[in-house]
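This report is intended to be read beside the sequence and the three-dimensional structure. Please keep both in view while reading.

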Number of protein chains: 2
Amino acid sequence: MRNFKLVVAYEGTNYHGFQIQKGTGLPTIQGVLEKALSTLTKEEIKVIGAGRTDAGVHAKGQVVNFYSQTKIPIEKLPLALNSLLPRDIAVLETKVVPPDFHASFNARSKTYSYLFYNDRIRDPFWQRYAYHIPVPLKSIREMERACQIFQGEHNFRGFCASETKAKRFTRTIYACSLEKVEKIIKLQVTGNGFLYNMVRIMGGTILEVGQGKRKAEEIASLLENGDRTLAGMTLPPQGLYLLSVEYD
Amino acid sequence: MRNFKLVVAYEGTNYHGFQIQKGTGLPTIQGVLEKALSTLTKEEIKVIGAGRTDAGVHAKGQVVNFYSQTKIPIEKLPLALNSLLPRDIAVLETKVVPPDFHASFNARSKTYSYLFYNDRIRDPFWQRYAYHIPVPLKSIREMERACQIFQGEHNFRGFCASETKAKRFTRTIYACSLEKVEKIIKLQVTGNGFLYNMVRIMGGTILEVGQGKRKAEEIASLLENGDRTLAGMTLPPQGLYLLSVEYD
């Protein structure tokens with residue numbers, strides 16, 4: 001029995017998120033991956049994902065692991081799997097890892113990005129991949145300052161969907177930055193863990209700073225008081241990407 | 001009655017081409033545009049397109065014109081129309097033009113691009129926007145030479161789908177070039193007119209040159225003898241873009 005690690009990319013538009021939703025029949029990334037792996041190995045494969053992405057959220061570097069007795073050479077796995085997967089999911093890398101490797105528990109950090117498309121007219125080629133902001137943003141500099149305030153260890157209760165089952169809300173953000181290239185504004189966040197909708201609420205709050213509706217400084221008090229109703233909107237899923245998962 | 005010119009972008013994946021297919025109920029760009037324009041103006045609007053793009057083909061700068069008595073200020077048209085159009089179609093520019101302007105007859109030239117995604121593993125984010133070539137291409141230089149041979153006035157009967165209704169096959173290619181940026185190879189062609197599937201067959205032939213299946217020089221004789229069965233494959237639609245239409 002070997003433990004396999006896969007790096008997977010997917011366009012999340014047509015999926016109800018990463019995690020299997022038992023009994024619903026809804027298409028999920030995990031469900032499609034397990035089906036392809038089970039077909040290939042002729043075993044009943046269960047995959048462990050590093051992070052649960054929500055419906056419509058994309059991944060450029062999701063990580064999963066699974067156990068199998070398959071004798072298929074490791075270097076043949078990506079092409080063999082991709083021939084069984086739909087075109088909006090692709091296995092990018094495969095590796096045999098130690099038996100105790102767990103894609104989620106062993107993750108040291110994860111990096112997400114959120115893309116805004118900022119132009120008066122929407123672009124049909126970005127509609128699935130970025131959130132359209134039709135009005136000019138007042139200050140990218142102020143948004144950058146907002147990003148800086150998020151860095152470090154904080155209680156993120158105020159930046160977590162109220163329907164969460166989490167009990168601890170302290171997370172460390174190692175990096176949070178903003179980059180503007182032509183009409184695309186890219187928010188990138190690396191942290192040791194993320195609460196439900198956390199990046200989308202952080203992004204919604206940073207956006208409101210860019211729109212001049214809030215001052216960057218406000219974020220410190222939002223982190224302080226932990227009231228979800230005071231932070232910004234939850235951004236829609238199509239701008240969000242799980243970029244990578246980092247391990248020691 | 002004014003004559004309006006629109007520049008339109010669309011992601012063609014979900015459409016059965018530009019042109020209305022009467023009685024079929026199939027979604028087309030022209031059908032959706034006419035419906036939005038008729039709703040907005042409360043008139044029965046017919047649009048004239050510069051070029052008919054096929055099912056699955058994209059446009060970054062399709063041009064259409066239509067006649068209307070609407071009093072809506074011209075600068076308000078793009079946003080008003082875009083609010084009525086699905087998210088995979090957008091009106092980028094609007095202009096009032098002389099009564100005799102005809103989007104198709106007055107077009108001096110059109111520019112198309114075709115995108116190849118060249119990497120062993122497919123990318124889910126390019127699956128709708130480029131044609132995946134999993135094997136390394138032997139020579140981009142040889143493909144560039146093939147492009148050069150297409151330039152000028154030629155009989156393109158051998159580069160036209162056999163089910164064409166065209167009677168004249170002479171067309172002038174003003175520019176044909178290739179550019180490689182990371183994993184994307186972009187073929188760009190400007191000409192005074194294009195036959196049915198012409199760019200996709202040119203691209204298929206240039207690709208075979210890149211794969212070492214043909215010499216660039218062969219293209220001269222393919223143009224000479226005009227036999228469709230001797231030219232390359234018709235590339236799939238998802239890599240093709242109508243980039244722009246040029247007028248005097």
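## Model and confidence

This is a predicted model, in which local features need pLDDT of at least 70 and side-chain atom pairs count only at pLDDT 80 or more, while totals for chains, interfaces and linings use all residues. Residues are numbered from 1 along each chain as its sequence is written, and chains are lettered from A and ligands numbered from 1 in the order in which they are written.

Chain A has a mean pLDDT of 96, and 100% of its residues reach 70 or more; pLDDT is the predictor's confidence in each residue, from 0 to 100. For the model, ipTM is 0.92 and pTM is 0.93.

## Relation of the two chains

The same surface serves both copies, as 100% of the contact residues of chain A recur in chain B.

## Interface between chains A and B

In the interface, 16 residues of chain A are in contact with 16 residues of chain B; contact requires that the C-beta atoms, placed from the backbone, lie within 7 Å. On the side of chain A that touches chain B, the elements giving two or more residues are β1 (2–10), α2 (77–82) and β4 (89–97) of chain A. Helices (H or I, at least four residues) and strands (E, at least two) are DSSP runs, numbered from the N terminus.

The largest share of this side, 3 residues, comes from β4(A). By class, the side of chain A that touches chain B divides into 9 nonpolar, 2 polar and 5 charged residues. Here Ala, Val, Leu, Ile, Met, Phe, Trp, Tyr, Cys and Pro count as nonpolar, Asp, Glu, Lys and Arg as charged, and the others, Gly among them, as polar.

## Packing of helices α3 and α4

In chain A, helix α3 (residues 140–150) and helix α4 (residues 198–210) pack at an angle of about 145°, with their axes 8 Å apart. Axes are lines fitted to C-alpha atoms, for helices over the stretch in contact, and angles run from 0 to 180 degrees between N-to-C directions. From α3(A), the contact is made by Ile140(A), Glu142(A), Met143(A), Ala146(A), Cys147(A) and Phe150(A), and from α4(A) by Met202(A), Ile206(A), Val209(A) and Gly210(A). These residues divide into 8 nonpolar, 1 polar and 1 charged.

In chain B, α3 (residues 140–150) and α4 (residues 198–210) pack at an angle of about 145°, with axes 8 Å apart.

Definitions and conventions. Two residues are in contact if their C-beta atoms, placed from the backbone, lie within 7 Å.
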